[in-house]
Amino acid sequence: MPEDFEFIQYRKANRIAYVTINRPDVMNAMHPPANAEMDRAWHDFEADDDTWVAIVTGAGDRAFCAGMDLRWRADPMATGVAMPQSGFGGLTNPRYAKITKPIIAAVNGYCLGGGLEMAMACDLVVAADSAQFGLPEVKRGIVAGGGGPHRLPRQIPFRVAMGYLLTGRHFSAAEAERWGLINEVVPQAQVMEAAERWANEILDGAPLSVRAMRQMALEGIEMPLEEAYNGSYSALQKLIGSEDSREGPRAFAEKRKPVWTGR
């Protein structure tokens, strides 16, 4: 992957991809060029057979992502790159953001507007105890166009979601954890450590199994139980008969840690 990113940082280590929004001077708010770079990084992550989990975060300690860069949007001279079809941060449009591997959001500060929409599109969310969440678009005369009005009522109780959507008010990490929107709250300095702990726990499992479970959950939740139970899942078909599906029982019988290959 060419190292020519201007607005994000992207690296890989130990089967984990790290995607960092790198605009701390504007609280990691995103404009179309930054979104385009995120889209490129996610395409590379998906295509890399040696990278099995990703962590997305924001540079600095003030913000994960404060949403759309409204100052850039308001500038009449702002031109250039269009938003990717995959949506805000390359993640939020389920029709085009076809990532099959788990993504963890490490929320290290303000997580607002598109930032919250991006976090909700991830599989797991770890947040600093000082993090603030919200969809403040109604206070700006716009709407949350990255799926916020659709995902929030699906991920927390409906009345609670409507309260946040219609008022645009912020809510704390403790509130987000209470409603099940995030997995874990930790001190600010431990956010990345916690995200990596979750990532490494995922890496203990067979990658094809992880992807099959993920696909079954994400697709099945939109179906009636009977349909979901009897559905066909491409990731499951790939797992059946794979080397990893043989390695797991073999390692258990031999009382050793399995060696996963992703094949």
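## Two residues with positive phi

Met27 lies in the loop between β2 and α1. Its phi is positive, at about 55 degrees, although Met27 is not a glycine. Most residues other than glycine have a negative phi. The model is predicted, and that applies to every value in this report.

Lys255 also has a positive phi, near 55 degrees, and is a residue other than glycine. Lys255 lies in the segment after α11, the helix at 243-253. Is Lys255 buried or exposed? Lys255 is exposed, with a relative accessible area of 79%.

## The sheet

Six strands form an open sheet. Their order is β1-β2-β3-β5-β7-β10, and the pairing is mixed. β1 (8-13) and β10 stand at the edges. Each has a single partner strand, so one side of each is left without a neighbour in the sheet. From one strand to the next, the twist averages 20 degrees.

Strand β2 covers residues 16-21, and strand β3 covers residues 53-58. These two pair in the parallel sense over 6 bridges. Ala17 has Ala54 in β3 as its bridge partner. Helix α1 (residues 32-47) packs on the sheet. Which strands does helix α1 touch? Helix α1 touches β1, β2, β3 and β5. The direction of α1 makes about 15 degrees with that of β1.

## Strand β7, covered on both faces

Strand β7 spans residues 124-128. On one side sits strand β5 (residues 103-107) in the pairing list: β5 and β7 pair in the parallel sense over 4 bridges. Ala106 stands opposite Val126 in β7. β7 also pairs with strand β10 (residues 184-186), again in the parallel sense, over 3 bridges. Here Ala128 stands opposite Val186 in β10.

## Nonpolar cores

Nonpolar side chains tend to be buried together in soluble globular proteins. In this model, the largest nonpolar core has 47 residues. Which residues touch the most other members of this core? They are Trp42 and Phe133. Helix α1 supplies the largest share of the core, 5 residues.

Beyond residues up to four places away in sequence, Trp42 touches Val19, Ala54, Val56, Gly89, Gly90, Leu91, Ile99 and Ile103. A second, separate core has 19 residues. Among them are Ile16, Val53, Ala194 and Leu203.

How many disulfides does the structure hold? The number is 0. A disulfide needs two cysteine sulfur atoms within 2.5 Å.

For Cys111, the closest cysteine sulfur is in Cys65, 7.4 Å away, which is too far for a bond. Cys111 is buried, with a relative accessible area of 0%. For Cys122, the closest cysteine sulfur is in Cys111, at 9.0 Å, also too far for a bond. Cys122 counts as buried, at 9% relative accessibility.

Methods. Residues are numbered from 1 along each chain as its sequence is written. This is a predicted model: local features need pLDDT of at least 70, side-chain atom pairs count only at pLDDT 80 or more; totals for chains, interfaces and linings use all residues. Side-chain values use heavy atoms; hydrogens and water are left out. Buried means under 20% relative accessible area, exposed over 50%, partly exposed in between (1.4 Å probe, protein chains only). Two strands pair if DSSP finds at least two bridges between them. Axes are lines fitted to C-alpha atoms, for helices over the stretch in contact, and angles run from 0 to 180 degrees between N-to-C directions. Contact means heavy atoms within 4.5 Å. A nonpolar core is a set of buried Ala, Val, Leu, Ile, Met, Phe, Trp, Tyr and Cys residues joined through side-chain atoms within 4.5 Å.
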